[in-house]
Amino acid sequence: MNSQERDARAALLDVRGLTTRIPVEGGGAVNPVNDVSFQMARGESLALVGESGSGKSMSALSILGLVPKPGRVIGGQARFDGRDLLALPANELRKVRGRGIGIVFQDPATSLNPVLTIGRQLTEGLREHFEMSGAARRVRAIELLSLVGIPDAKDRLASYPHEFSGGQRQRILIAMAIACEPSLLIADEPTTALDATIQAQIVELLKGLQKRLGMAILWITHDLALVAGLAERVAVMYAGSIVEMASARDLFQRPRHPYTLGLLKAMPRTDARHDSGESLAPIPGAPPDLRGEILGCAFAPRCSRAIERCGAERPPLLPVGPGHEAACIRSEEA
Amino acid sequence: MSAPPLVEVRDLGLHFPVRQGVWRRQTGTVKAVDGVSFDIAEGETLGLVGESGCGKSSTGRAVLRLAKPTAGRVRFAGADLGRLSRSDLRRTRRGMQMIFQSPFASLNPRLSVGGAIREPLDIHGVGSPGEREARVAELLDLVGLDPGASRRYPHEFSGGQRQRIGIARALATSPRFVVADEPISALDVSIRAQIVNLMRDLKDRLGLTYLFIAHDLAMVRHMSDRVAVMYLGRIVEMAGCDDLFDRPLHPYTKALLSAIPTPDPDAEAGRIRIVLQGDVPSPANPPSGCRFRTRCPIATAKCAQEDPLLRDLGAAGSPHAVACHLA
């Protein structure tokens, strides 16, 4: 058994070569996810970070078999607990979603059914995945609501979603996602629709649950600053591919891909004094239109270090240090 | 004696009636903005921060009279906007413009970019048609767009480019004062710095005065000379930018600042975060006394009874106002 095989056995989630294609109107197709590979160990937290259109959410949807039609996964594998999710029939995959993998989406306002009580929605997963009596489900629902910090849980089971605030609705969605004690939670921009002080509450809650329940969390976010306090490892995505992956510390202290470096330089730091008068260093241009053919490195047109070869061949993700990979032929200079 | 402020806001209020039932009877009042006062000096940037529903955007709209204030007064360059005749208000409006949050929703998809930028000039009857064309070209150049962009349509541009178009449109009538309402929050991270640098550059070149409304505190620190923090329709703290970030006095400001993530895992591991309990109360039914007391970690009995006034606790020459009994 080589080391790669051993890694794959130990991994909770092992994604290799994931590629998804969506046809576009007027012919042609785009690959919003293009040859994405990453592994997650049990209990580990990994963040997929990228701008809109980078493929971070679509990667998660691809793994879960939720790519909106007529899009579809055209390549790769996604082994979860040893089984390739991409090869599972739809009914088997549905059993994995909710049972083995919990999901929290961005918008708490639209993810809950407005005409069903919270108690009913909370116990849906339990009904589907376990043989449990109604009374036992009710006890479990109260337990879950308390776990996510909803006060007077017993009395709130009969309430409807509109009777809760945005922050509370996100807590309820988290309770639903962890109802079956999944070993992996996918949290897709779980705090983006929330205010700063509420965001802090939800992040603390999820980190606490991760420790308590020993679950792995795949965070999906555009907020690079948020990631620093969130995840042990970070994968940065650009135009459908992972361009850098490292421990959070290495990524922020020793970024090796020019895109990561550019993002960090383009963000103001709260501790940077206003009277220093420093200006930000923006990344010029805009992300590429995926409808066009991208030869070579997708970031090359915006990269200050690009040389001729960057436009000719797509750089593979290669090790640049212990547990640190970057897809840049000039990462040595970064 | 220093020059009078360009913008002077006193006891500004923007209240909305809450109507319910078949007869649409008024059952309450949402005080979106309730007794807000501040000055902005010529050439200064005042940052206005707070969470959604705190009234920061409503304040910006009321200052420009895009929403008619229900109380208080706004003076712009000495003129009381509430007392101007319609035609005088129209003329005065040329001098104060707005940059909107969404570069997708704020541009008419059927109007060419040149048409969108020229529209305010047409409305205000500025210059001859030939002069307006020249002005459009000048504005496109000013915001870093190609003059050929004039004949194209908004959908042909990326989010960052559209925000440049929105800025060019806001600057068409050569305003002295610009309210920027979350101008970067709809943009991708790599694009935000482009727009912020453009806004700072334009401020220096044109001597603009900004009211910069945002919830991204790091960006606010970067942009603003002074910062006002709002909570439930009120300003709870206002000070020089670095003063506010280095020495926050209001417990809400402290919590807000402690909630900002920083891109540094070591700093994140070592930081003490004040996690507030509960949610922001409804502005239709704010708590008695201090509006923040229901979430405040240090509230006392007095906070429920007495509404704290903004008072200056700053050193001589650097005012630092805070509305807290315990500061």
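Predicted model: local features only at pLDDT ≥ 70, side-chain atom pairs only at ≥ 80, totals over all residues.
**View 1. Where chain B meets chain A.** Here 39 residues of chain B are in contact with 39 residues of chain A. On the chain B side, five helices each put in at least two residues: H6 (189-206), H7 (217-223), H8 (241-246), H9 (251-258) and H10 (265-270). The top contributor is H6(B), with 9 residues. Sort the chain B residues that touch chain A by type and you get 18 nonpolar, 10 polar and 11 charged.

**View 2. Helix H8 of chain A and what packs over it.** H8(A) covers residues 196-213, and at 1.5 Å a residue those 18 residues should span 26 Å; the end C-alpha atoms are 26 Å apart, so the two agree. Buried residues in H8(A) include Ala196(A), Ile198(A), Ile202(A), Leu205(A), Leu206(A) and Leu209(A).

**View 3. Helices H4 and H7 of chain A, side by side.** The axes of H4(A) (residues 118-129) and H7(A) come within 8 Å and cross at roughly 30°. Angles under 35 degrees count as roughly parallel, so that is what H4(A) is to H7(A). From H4(A), the contact uses Ile118(A), Gln121(A), Leu122(A) and Gly125(A); H7(A) answers with Ile172(A), Ala175(A) and Met176(A). By type, the residues of this contact are 5 nonpolar and 2 polar, with no charged ones.

Notes
Residues numbered from 1 in each chain as written. Chains lettered and ligands numbered in written order. Contact = placed C-beta atoms within 7 Å. Helix = DSSP H or I, 4+ residues; strand = E, 2+ residues; numbered from the N terminus. Nonpolar A, V, L, I, M, F, W, Y, C, P; charged D, E, K, R; others polar. Expected span 1.5 Å × (residues − 1). Buried ≥ 20, exposed ≤ 12 C-beta atoms within 10 Å, placed from the backbone. Axes fitted to C-alpha atoms, helices over the stretch in contact; angles between N-to-C directions. Parallel < 35°, antiparallel > 145°, perpendicular 65-115°, else oblique.
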